[in-house]
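Thanks for making time for this today. I would like to take you through one model, from its overall layout down to a few single residues.

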Amino acid sequence: MKRGSEKGASLREAALGALENAHAPYSNFRVGAALRTRDGQLITGSNVENSAFGLAICAETLAMAYAVSQGLTEFDEIAIATDDTEPTPPCGACRQVLNEFAPNIKISSYTRDGKEAVWTLDELLPHAFVLNPSRGRI
């Protein structure tokens, strides 16, 4: 197996592992995510639903928030795993969260039965919201 393929395989496996921890009793749409830092660290997250629906946390956002809380801010790829029949891209809110720290991130999505899809964030979020660079970022 090529080195690049090994990296992809471990990211996929980490996302599938995170899928096992998903808490989705309301939608039954379980998601696992694995975020890879530029130096090769893997950070995982799973969706966590809440009976107050607005308080639900997406897997991708949870992984990003945990990574940033640990001082990690440079990422090159995220893998998403679901039980769905087709690979699922991140929701719009997660796309914007990813854009904050990784506007050039590669997004890979996997199903349990082996289907996969790959996108760039720019393909999924071509006109991301960014603050005026002359004013700085909040």
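This is a predicted model: local features need pLDDT of at least 70, side-chain atom pairs count only at pLDDT 80 or more; totals for chains, interfaces and linings use all residues.

Residues are numbered from 1 along each chain as its sequence is written, and side-chain values use heavy atoms, with hydrogens and water left out.

Let me begin with the fold. The chain contains four helices and five strands, where helices (H or I, at least four residues) and strands (E, at least two) are DSSP runs numbered from the N terminus. Followed along the sequence, the pattern reads α-β-β-α-β-α-β-β-α. The chain has 138 residues, of which 39% count as buried; here buried means under 20% relative accessible area, exposed means over 50%, and partly exposed is in between, with a 1.4 Å probe and protein chains only. If we take contacts between residues at least 6 apart in sequence, 60% of them join residues at least 24 apart, a contact being heavy atoms within 4.5 Å.

Now to the sheet. The five strands form an open sheet of mixed pairing, in the order β2-β1-β3-β4-β5, and two strands are said to pair if DSSP finds at least two bridges between them. At the edges are β2 (42-46) and β5 (116-120), each of which pairs on one side only. Neighbouring strands are turned by 20° against each other on average, with direction ignored; for such values, axes are lines fitted to C-alpha atoms, for helices over the stretch in contact, and angles run from 0 to 180 degrees between N-to-C directions.

What joins β3 to β4? Six bridges do so, β4 covers residues 106-111, and the two strands run parallel; within this pairing, A81 has Y110 as its bridge partner in β4. β1 and β3, by contrast, pair in the antiparallel sense over seven bridges, and the partner of L35 in β3 is I78. Seven of the eight residues of β3 are buried, so this strand is largely enclosed by the rest of the structure.

Next comes the pocket. The largest pocket has a volume of about 190 Å³ and is lined by 18 residues, with F29, V31, N47, C58 and E60 nearest its centre. On a 1 Å grid over the protein atoms alone, a pocket is an open set of points where a 1.4 Å probe fits, with protein on both sides within 12 Å along at least five of seven lines, and lining residues have an atom within 4 Å of a point. The volume is the space filled by probe spheres set on the points, which are joined across faces, edges and corners. Both α2 (59-69) and β3 (75-82) supply at least two residues of the lining.

Finally, the two residues. V31, found in strand β1, counts as buried because its relative accessibility is 8%. Leaving aside residues up to four places away in sequence, V31 touches several others, including L19, N47, E60 and I80. G92 has its place in helix α3 (residues 92-101) and, at 46% relative accessibility, counts as partly exposed. The C-alpha atoms of G92 and A128 are separated by 9.9 Å, although these residues are 36 apart along the chain.
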